[in-house]
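Colleague: Could you take a close look at the aromatic ring pairs in this model, and then go on to the helix packing and the parts that call for caution?

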Amino acid sequence: MNRPTIGLALSGGTAKSVAHVGVLEAIEEAGLQVDYLTGTSGGAIVASIYAAGYSVQELKEVARNLRWKHLARLTFPRLGLLANSGVEHFVNDLLGEVDFNRLKIPLAVVATDLLTGNKVVFREGSVAKAVMISTTIPNVFEPVEADGTLYVDGGLTEYLPVETMLDTFRPDVVIGVNLGHREAKLTRPRHLLHVAMAVTGIAARQNAMLSETKADVLIRPPAARFPSFDLVASEELIEVGYKAAKQRIPDILNALERKEPGWLDRIKFWSKE
């Protein structure tokens, strides 16, 4: 009997993306193995590190020590407030200059072509470069110029990369993790960064609603109360992600059983509540 395969699609979320680490912890604790990963923006950072072979405990340590000085620097370009090259250096420092074909778990990273408005999926070349491109929030970070075009954040075209998972890897079961919020009215912006995040968030929220319908199991960690740029709440965010995923483990198991009847009888889960 073949084991049904699992694809995990991780949404954006800026600093809130640390919650994805808690999701991975709950999945591992249930004895499940992730076979494919897709990531957008902050989700691409977590997905790339995990795909390279980092354990959940190692990811937790990375999250605890992460600060914005590692990811961005103030600049004065015409097209953004911050330079995003720090993300590329950060990922390279952790993983080395690794290409997609050397990752332990197959990964696809989502970005947006600013000149055409089309989604772009990275599956080859430098992982760190793809992750940097995927995290380039318009108006906040300077667009990345490469291949004759300008790239920005993947959240504009696919905030929750479920369709990319289905089109690229076709796993038996797709788990989508959406850190976006659904409030009808956003908090009044207090400065330019808030305005930029609000504008990007409107597009992300709209395309994520469609993506959610295509996932076999959807996990929605309640992360709305956390600021988008607060990197000091990692412990709380990991716990929020863990608890939300833990609640959906029975649904994941049922989805796997539907794909491969009798599969659950062949495995043993060592941690249950």
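Modeller: Buried is used here for a relative accessible area under 20%, exposed for over 50% and partly exposed for values in between, with a 1.4 Å probe and protein chains only. The model is predicted, so local features need pLDDT of at least 70 and side-chain atom pairs count only at pLDDT 80 or more, while totals for chains, interfaces and linings use all residues. Residues are numbered from 1 along each chain as its sequence is written, and side-chain values use heavy atoms, leaving out hydrogens and water.

The rings of Phe, Tyr and Trp (its six-membered ring) pair if their centres lie within 6.5 Å; planes under 30 degrees apart make a pair stacked, over 60 edge-to-face, and the rest tilted. The count by this rule is two aromatic pairs. In one of them, Tyr36 and Phe169 have ring centres 4.9 Å apart and planes at 15°, so they are stacked. Tyr36 belongs to strand β2 (residues 36-40), whereas Phe169 sits in the loop between α7 (162-168) and β10 (173-177), so this pair ties together parts 133 residues apart in sequence. Helices (H or I, at least four residues) and strands (E, at least two) are DSSP runs, numbered from the N terminus. Phe169 is buried at a relative accessible area of 12%.

Phe122 and Tyr151 form an edge-to-face pair, because their ring centres are 5.6 Å apart and their planes stand at 65°. Here the link is between strand β6 (residues 119-122), which holds Phe122, and strand β9 (residues 149-153), which holds Tyr151, so parts 29 residues apart in sequence are tied together. Phe122 is buried at 13% relative accessible area, and Tyr151 is buried at 7%.

Next, the helices. Two packed helices are described by the angle between their axes and the distance between the axes. An axis is a line fitted to C-alpha atoms, for helices over the stretch in contact, and angles run from 0 to 180 degrees between N-to-C directions. Helix α1 (residues 19-29) and helix α2 (residues 42-51) have axes that come within 10 Å and cross at roughly 40°. This makes α1 oblique to α2; under 35 degrees would be roughly parallel, over 145 roughly antiparallel, 65 to 115 roughly perpendicular, and the rest are oblique. From α1, His20, Val21, Leu24 and Glu28 make the contact with Gly43, Val46 and Tyr50 of α2, where contact means heavy atoms within 4.5 Å.

Between β2 and α2, the loop holds Ser41. Its phi is near 55°, a positive value in a residue other than glycine, and Ser41 is buried at 5% relative accessible area. Asp147 also has phi near 55°, positive in a residue other than glycine. Asp147 is in the loop between β8 (144-146) and β9 and is exposed, at 68%.

Last, confidence. The pLDDT is the predictor's confidence in each residue, from 0 to 100. The protein chain has a mean pLDDT of 84, with 79% of its residues at 70 or more. Residues 68-76 are below 50, and this stretch has 28 contacts in the model beyond near neighbours in sequence. Residues 269-273 stay under 50 as well, with 12 contacts beyond four places in sequence. Where pLDDT is low, the predicted coordinates should not be read in detail.
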